[in-house]
Amino acid sequence: MEIAADFAPYEERVQAALVKTTRSVTQITSEDLNFHRSFDNNLAADVDEESARLLRLTNSLLKVATSGSDLRVPELRDEDGLEENWRTVVDVIDELLEKADACLDEFTGIIKKLSPSQEERGAALSKRTTSAHFPSVYDFGPSKIPKPQLLFTTRPKNNDDASPFKPLLRSKPHAITPLSPNLGETAPDGTIISYKHPYETEIRNSTYPSSAYTISAAHESKPFETTTATFVDTLEGVQSMLAELKQATEIAIDLEHHDAHSYHGIVCLMQISTREKDWIVDTLKPWREELQILNEVFADPKILKVLHGSTMDVIWLQRDLGLYIVGLFDTYHAAVALDYPKKSLKFLLEKFVNFQAEKKYQMADWRLRPLLPGMFDYARSDTHYLLYIYDQIRNSLVEHSTPTDNLIEYVLEKSKQEALQRYERPVYNAETGQGSGGWQDMLIRNSSLFSREQFAVFRAVHQWRDKIARSEDEGVQYVLSKQSLFKIAHAMPLDPASLLRTISPVSPLVRARASELVQVIKQAKIVGATGPELRDVLFPLKQKVEESKPSTPTSSPESERDSRTVLAARTDVSQFWGPTLEQPPHPPVPVSHSLAATAEAFLLSLPLPSMPPKVSDKPVKEEPSSSPQKISGPTATTTNEIFTLKQFGAPKKRKISPTMEDEAEDVSKPKTAITPTAETPTASLSTDDSMSGASNSVSSAIQTKAQKRREKKKQKTASTLRQQGDNNDDGKESPNFTPFDYGNAESVLHANPTENGNRGNGSYRGKQKQKRQFNPYAKAMDAPQGMRKSKKEIEGKSFTFR
């Protein structure tokens, strides 16, 4: 077909079909489809058939879309399969959009050719051999690579003692101060607590070459494709490489490290590059300690060493190889000084060289020998272009430096601080969780909440994981991942089957010791029932201890018991109020009382609902007395009492009828006064006249209404008693009493109100008077009254005085 003539109507038809389909799907999803399925079996069968057809169609489209590409074809069996493979489906859609974008650019002529055609891509993929799968640190199965550390002359020390790390250095080239055997710093008791940095003096006094402070043309690196690196795995190769490195003025260094199958980790490769050549040194050989001869170059201040992100590289070189760097230039700190949007080496390679590194090899298992071609090229690319990047960054630092802000000096000083780092053996305290790899930092960075039992299980399993990792010389993450550790603490499984279902993935070490781990969980759960809370361990309430003052030789039992039962630290003197709030000492409080008081204080600290402001909860009535009352006790005690004054807002105006005024005169008006919150004498407080008048008027009105209700009730009760007395008297005066004939009596509900007299055979007793119409709802009016309408809050202010 003619593309130019037929594409526009075809596009319109496709868009119309898509819009119609989208509207239909939206309308169906808005209805309760499961509800309709439950009522109509035919509808359910039709929906299932359409769902199966759509799944088959989707699988066919995915197969067609992934043909000629490296993407995995997802297989969708049901609706759950779509959710499980959603990320793969999204990848397929993304690649389709990229292909469509490229085809549109080619069609419109923006670019001539962005990618090979479908036929060319298919032919290339058919000729391409299947790439070998490289082992990754994320493989939790049994490692097929033997542990190289078992062949080292000096085996790694995984014991958990607190002995400091002693430098491996046997000789000290380019030394200002000679290597002393007494590098240890001793404690007062004579034990060595740490060792000094062997090259600390040399690093602090080192001067960088003049080329680091001037702008010069950048030396382009040789093409990556036409050059290769030399793999060094013999001592002769190391000697030959050292001779060439001594002739260089700048070298680039990088390391590849592995810690998945080693407790402390091991350096697997060391990449070194000059402007002419690249080397990759195998650091897993049994003679790896002989690499200390490289200190003749690494410690030479005349040779500039360029690294990127050297924080861990400096530590690993000291720990495994006994190498120290003098004259370090860290391109990471240079990127920080120049305020680049990203500071990674990948970003610098893309920015200055337009080189895309295969970062999938970053997490490869670098113990593999021989190295795969992709791993070899990735390791070489880290240092091949680093010297050219150094030239570009150095020129930018010099250009952007000012007399007040010298960026070159800033980067060199930061690089010296990196080189001055000392490796210290990590010490893990299982009880407190402190130290490198301890559980304290893990819990502080995590927002999980544990009960007593869960917290005890977490600590016990963490300690078990550390013990197994040390004994087997495996990484703690390989033994039991962090996510699995938290899952076990929350679930607390009590049998091996539940344990294996809880954690994923399961390492061979955990699978083989599942019963042992279950026993650890059970024992920790029992101990944790009476153990400490998580918050008490992570955030202890420290008591104030005056370490500067000499301690007393003896202490009383009360003070010791008090120090054990105190739950919160409290200063002796307030920094704001001074000695005003000082309280006399009190006897020790039992733990149960303290916990109850703490709970009560917590409840009182919660916000209370709004309440109408008033002077006191219960107004106090003053009894009239002819003589003034005498206040017992000394008057000096009233100085520390607490009382509250409240200023009411303007009361609402209300009209008082003359009847209310007359009744109010008969009722004694209560005298209200400010009631102090402590035992404060009433005579010592006073209020404004307006406040008192408003309060008295409201109280008088309430008292008047209550008095009227009481009098009315008394009158009603007296009338009832009198009527009963009259009936009794009439019964005595009529001895010939005839019972009332209820059968011939008039209707009470339909009685004639105007009719009087005696009808029927019955005789009336007492006086004859006009009958009142019966009201069936009369008794309903005597029911208890409901809740009164709450009064609105009166605005005002309150002040508390101490």
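## Two helices that pack

Axes are lines fitted to C-alpha atoms, for helices over the stretch in contact, and angles run from 0 to 180 degrees between N-to-C directions. Helices (H or I, at least four residues) and strands (E, at least two) are DSSP runs, numbered from the N terminus. On these terms, helix H17 (residues 452-472) packs with helix H22 (residues 514-528) at an angle of about 145°. Their axes are 8 Å apart. H17 passes H22 in a right-handed crossing. A crossing is right-handed if the near helix is turned clockwise from the far one by less than a right angle, and left-handed if anticlockwise.

Which residues of H17 meet H22? They are Arg452, Glu453, Ala456, Val457, Ala460, Val461, Trp464, Lys467 and Ile468. Contact here means heavy atoms within 4.5 Å. On the H22 side, the residues include Leu517, Val520 and Ile521. The residues of this contact divide into 10 nonpolar, one polar and five charged. Ala, Val, Leu, Ile, Met, Phe, Trp, Tyr, Cys and Pro count as nonpolar, Asp, Glu, Lys and Arg as charged, and the others, Gly among them, as polar. An α-helix has 3.6 residues a turn, so residues three or four places apart point the same way.

## The model as a whole

This is a predicted model: local features need pLDDT of at least 70, side-chain atom pairs count only at pLDDT 80 or more, and totals for chains, interfaces and linings use all residues. Residues are numbered from 1 along each chain as its sequence is written, and side-chain values use heavy atoms, with hydrogens and water left out.

The protein has 27 helices and 10 strands. Of its 802 residues, 31% count as buried. Buried means under 20% relative accessible area, exposed over 50%, and partly exposed in between (1.4 Å probe, protein chains only). Among contacts between residues at least 6 apart in sequence, 71% join residues at least 24 apart.

## The open sheet

Six strands form an open sheet with mixed pairing. Their order is S3-S6-S5-S4-S7-S8. Strand S3 (229-232) and strand S8 (328-330) stand at the edges, each with a single partner strand, so one side of each has no neighbour in the sheet. The twist averages 25° from one strand to the next.

Strand S4 (residues 250-258) and strand S7 (residues 304-307) pair in the parallel sense over three bridges. Two strands pair if DSSP finds at least two bridges between them. The bridge partner of Glu250 in S7 is Leu304.

## A hairpin

Strand S1 (residues 184-186) and strand S2 (residues 192-195) run antiparallel, joined by three bridges. Thr186 stands opposite Ile192 in S2. Five residues lie between the strands of this hairpin, where Gly190 takes a positive phi near 95°.

## An enclosed helix

Why is helix H10 (residues 311-321) largely enclosed by the rest of the structure? Nine of its 11 residues are buried. Among them are Val314, Trp316 and Arg319. The buried residues of H10 pack against several elements, including S4, S7, S8 and helix H15 (407-419). Gly322 follows H10 and has a positive phi, near 70°.

## Two single residues

Thr383 sits in helix H13 (residues 373-384). Is Thr383 buried or exposed? Thr383 is buried, with a relative accessible area of 1%. Residues up to four places away in sequence aside, Thr383 touches Ala252, Ile253, Asp254, Gln271, Ile272 and Ser273.

Met363 lies in the loop between helix H12 (345-352) and H13. Met363 counts as partly exposed, at 35% relative accessibility. Its C-alpha atom is separated by 8.7 Å from that of His258, which is 105 residues away along the chain.
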